[in-house]
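Colleague: Can you take me through the side-chain contacts in this one? I'll ask as we go.

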Amino acid sequence: MSYSISVSIQDQTLSLFNGRNLVREYPVSTGLNGVGNEKNSGKTPLGKHIIRAKIGAELPINSVLVGRRPTGEIYTPQLGELNPERDWILSRILWLSGKEKGINRLGRVDTMQRYIYLHGTPDSEPMGIPKSHGCIRMRNHDIIELFDLIEAGTEVDIKL
């Protein structure tokens, strides 16, 4: 199947399409600092992207990833309480790469060099409101489902 993804910043949703048919819709949480493509902005980038890499296949749900590598930890509320400063990246990573030179690719606006992902987050984190550091956070069961449905190279359009 030929899937594509559309992320709505306004609605805080991720929609998965097969052609023009809506297959799934998931609640998400985008950047607390709003939208923007500049490095170190903490903002969610806009525009056309692709899934550059899929990381975490077969990991148990709530597996903790740091630097795109599993740490061997499984997130629990107790682990969260012991590490309140950590930005939890859990279960799976879908690493985004911009397709538009000067907008979200190369130089100071490169989505991939900014390490912008679709990724799982603790169940205690709210969905439907901007709260991330620029990534697109999803519920763990949702990111695993999406991860299993799509391939690297899937188109992702992030829009207001």
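Colleague: Which ring does the charged end of Arg68 sit over?

Modeller: The ring of Trp95, with the charged end 4.9 Å from the ring centre. Bear in mind that this is a predicted model.

Colleague: What else is Trp95 involved in?

Modeller: Trp95 belongs to one aromatic cluster with Tyr115 and Tyr117. With Tyr117, Trp95 makes an edge-to-face pair, 6.0 Å centre to centre and 85° between the planes. Trp95 is in strand 7 and Tyr117 in strand 8 (residues 117-120), so the pair ties together parts 22 residues apart in sequence.

Colleague: Are Trp95 and Tyr117 buried or exposed?

Modeller: Both are buried.

Colleague: How many aromatic pairs are there in the whole structure?

Modeller: Three. One of them is Tyr75 with Trp88, edge-to-face, at 4.9 Å between centres and 70° between planes. Tyr75 sits in the loop between strand 6 (69-74) and helix 1 (77-82), and Trp88 in the loop between helix 1 and strand 7 (90-98). They are 13 residues apart. Tyr75 is buried at 13% relative accessible area, and Trp88 also counts as buried, at 8%.

Colleague: Back to charges over rings. What does Lys54 lie over?

Modeller: The face of Phe147, at 4.6 Å from the ring centre.

Colleague: Now salt bridges. How many?

Modeller: Nine. Among them is Arg24 with Glu145, where the closest N and O atoms are 3.0 Å apart. That pair joins strand 3 (residues 21-27), which holds Arg24, to helix 2 (residues 140-149), which holds Glu145, across 121 residues.

Colleague: How accessible are the two lysines, Lys48 and Lys159?

Modeller: Lys48 is partly exposed at 41%. Lys159 is partly exposed as well, at 43%.

Colleague: Last one: which residues are linked in a network of salt bridges?

Modeller: Asp87, Glu125, Lys131 and Arg137.

Terms used: Residues numbered from 1 in each chain as written. Predicted model: local features only at pLDDT ≥ 70, side-chain atom pairs only at ≥ 80, totals over all residues. Heavy atoms only, no water. Salt bridge = Lys/Arg side-chain N within 4 Å of Asp/Glu carboxyl O. Helix = DSSP H or I, 4+ residues; strand = E, 2+ residues; numbered from the N terminus. Buried < 20%, exposed > 50% of the residue type's maximum accessible area, 1.4 Å probe, protein only. Phe/Tyr/Trp six-rings, centres within 6.5 Å; stacked < 30°, edge-to-face > 60°. Lys NZ or Arg CZ within 6 Å of the ring centre and 35° of its normal.
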